[in-house]
Amino acid sequence: MDLERDLQRALAQDEFVLFYQPFLNIGTHRIVGVEALIRWMHPVRGLIPPGDFIPVAEGMGLMYDIGVWTLNTACRQASAWPEDIVVSVNVSAAQFRHDGLVETVAQALLGSGLDAGRLELEITETAMIDDVPRAARVLRQLREMGVKIALDDFGTGYSSLSFLQSLPFTRIKIDRSFVRELGQGVGDGAAIVGAITSLCGSLNVVATAEGVETQEQFDYLKQINCSEIQGFFICRPRPASEIQPLLDQIN
Ligand code: G
Ligand code: G
Ligand code: MN
Ligand code: NA
């Protein structure tokens, strides 16, 4: 298919771009970091979202190289931002299972001059659950370098409490499927978000609610002392050229 042929050339032709979506500390009302979200600027089809090409790229074995590009680009762009801003980079399952990940991260930090404490990797439980001892070793190495680790889309997989306890996460991102139900008076979303938030408190991990879209959701999360939030209610993902002035202005 054309998409596959075009994907093969997209890296060499410099067609990927990173958008960034801020996350906010509810207590201080400050932006504490931004998540890098890849898009493909296709010369004919225009902007293609990651959901439409990442599965294809993964099937073609291209995700590792795309991930290297993403890490390098995110670290380089973040090195120009205020020093208290963290940049969060999504790591695919294929990338996490590759033996070169730790070295790639070290190179991206070295090449950009970004402080390791300003880089966070977002990893889903699906990427780690098949070999938890290995995941623990890799994450420990990254933590020893100073890199932060977020557990992405939490609540959608099947991880146990011992999984949370045995892996050195610095942040847990509460999946937006639970956040969506807040303030609607339906479903178990509020109970689940409340339980994860208090669990994060006990484990000394930052709780971040994803997909916050309304004032009601914001108010609920503030009331239960969820530390950080992300979503269209705060800011949509935006290109680097728009994010930098925003960060310079408010921080
Ligand atoms: O930006 P959007 O909401 O369309 O992202 C859809 C999905 O693509 C999300 O699950 C997100 O984690 C994933 N994604 C976005 N950017 C990257 C990236 O650079 N690398 C990987 N592996 N996944 C990404
Ligand atoms: O899986 P991950 O959490 O990395 O997914 C990030 C994706 O979520 C991005 O594609 C981003 O565009 C999307 N997203 C971010 N905020 C919101 C929101 O408030 N509502 C919805 N529906 N999607 C969001
Ligand atoms: Mn993410
Ligand atoms: Na997520």
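Guide: With 251 residues, a compact globule would have a radius of gyration near 18 Å, and the protein agrees because its value is 18 Å. That radius is taken over C-alpha atoms, and the globule rule is 2.2 Å times the number of residues to the power 0.38. This is a predicted model, in which local features need pLDDT of at least 70 and side-chain atom pairs count only at pLDDT 80 or more, while totals for chains, interfaces and linings use all residues. Residues are numbered from 1 along each chain as its sequence is written, and chains are lettered from A and ligands numbered from 1 in the order in which they are written.

Visitor: How many helices and strands are there in the protein?

Guide: Helices (H or I, at least four residues) and strands (E, at least two) are DSSP runs, numbered from the N terminus. Here there are 12 helices and 10 strands.

Visitor: At what angle do α1 and α2 cross?

Guide: Axes are lines fitted to C-alpha atoms, for helices over the stretch in contact, and angles run from 0 to 180 degrees between N-to-C directions. Angles under 35 degrees count as roughly parallel, over 145 as roughly antiparallel, 65 to 115 as roughly perpendicular and the rest as oblique. The axes of α1 (residues 2-10) and α2 come within 10 Å and cross at roughly 80°. That makes α1 roughly perpendicular to α2. L3, E4 and L7 of α1 make the contact with F53, V56 and A57 of α2, where contact puts C-beta atoms, placed from the backbone, within 7 Å.

Visitor: And which residues of α5 meet α7?

Guide: Helix α5 (residues 101-112) and helix α7 (residues 132-145) have axes that come within 10 Å and cross at roughly 15°. That makes α5 roughly parallel to α7. L101, V102, V105 and A106 in α5 meet V138, Q141, L142 and M145 in α7.

Visitor: What surrounds ligand 1?

Guide: A residue is near a molecule if its C-beta atom, placed from the backbone, lies within 6 Å of it. Around ligand 1 are A36, L37, I38, P49, P50, G51, I54, T70, N90, S92 and P237. Strand β2 (30-42) and helix α2 (50-59) are the elements that give two or more residues to this shell.

Visitor: Which residues come nearest to ligand 2?

Guide: Of the 13 residues around ligand 2, those are G211, E213, G231, F232 and P237.

Note on methods. Contact = placed C-beta atoms within 7 Å.
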